[in-house]
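Let's walk through this model together, one element at a time. Have the structure open as you read.

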Amino acid sequence: METTSETRIGGEEAAREEQQQQQHERQTMKVIVAIDESEGSFYALRWAIDNIFTYAVAAPDQSLELSKIYLLHVQQPFQHYIFPSGPAVYATSAVLDSVKKAQEQNSATLLARALQICKERMIKAETIILDGDPKDVICQAAEQIHADYVIVGSRGLGKIKRAFLGSVSDYCAHHVKCPVLIVKPTK
């Protein structure tokens, strides 16, 4: 008889722990900050840390439990062909390897700079490097991570450039399924 009551209590205890874990996951805020070569993205990161993660400085031991920041950098795929004023010219595999290596070094440098900003402010961050069109990849990452917020910087493109080049922040604002915060640097 005693073993039955112990088993039931143990089962209730396991269920209670599982419920607490699920509640903790729901309370954990997941924020994606898109990082690229622009100073606007680093300004957005600093803004997010100063305005969303302000409690982390006051209580650094609890910051891990309350939020998670993801630093997302998207590498655009390299087009292995060019169109001079004649037929298409394809890049050799050595050129492709060289470009890929340069992209990886660039990504590592950008994310190291972003991680240093987080470290200075006592914020733990996770880095993610993905390949593809930044517009689509940011939207997909937000959905896969179940992000609570996506924060992107604004490059401040004019209306004409934005019409021709497109705006990553504008696209994300319309297609990401969670709130998107577009941070514009002060002038």
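Which residues are buried in α6? They are Pro134, Lys135, Val137, Ile138, Cys139, Ala141, Ala142 and Ile145, where buried means under 20% relative accessible area, exposed over 50% and partly exposed in between, with a 1.4 Å probe and protein chains only. Keep in mind that this is a predicted model, in which local features need pLDDT of at least 70 and side-chain atom pairs count only at pLDDT 80 or more, while totals for chains, interfaces and linings use all residues. Residues are numbered from 1 along each chain as its sequence is written, and side-chain values use heavy atoms, leaving out hydrogens and water.

Helices (H or I, at least four residues) and strands (E, at least two) are DSSP runs, numbered from the N terminus. Helix α6 covers residues 134-145, and just after α6 comes histidine 146, with a positive phi of about 60°.

Now turn to β1, where five of the six residues are buried. β1 runs parallel to β2, joined by six bridges, and isoleucine 32 stands opposite tyrosine 70 in β2. On strand β6 (residues 149-153), also parallel to β1, there are three bridges to β1; here valine 33 has isoleucine 151 as its bridge partner. Strands count as paired if DSSP finds at least two bridges between them.

Val33 and Ile151 also belong to the largest nonpolar core, of 21 residues, and are among the members that touch the most others. Such a core is a set of buried Ala, Val, Leu, Ile, Met, Phe, Trp, Tyr and Cys residues joined through side-chain atoms within 4.5 Å. Two or more residues each come from β1 (29-34), α2 (39-51), β2 (67-75) and α5 (93-120).

Notes
Expected span 1.5 Å × (residues − 1).
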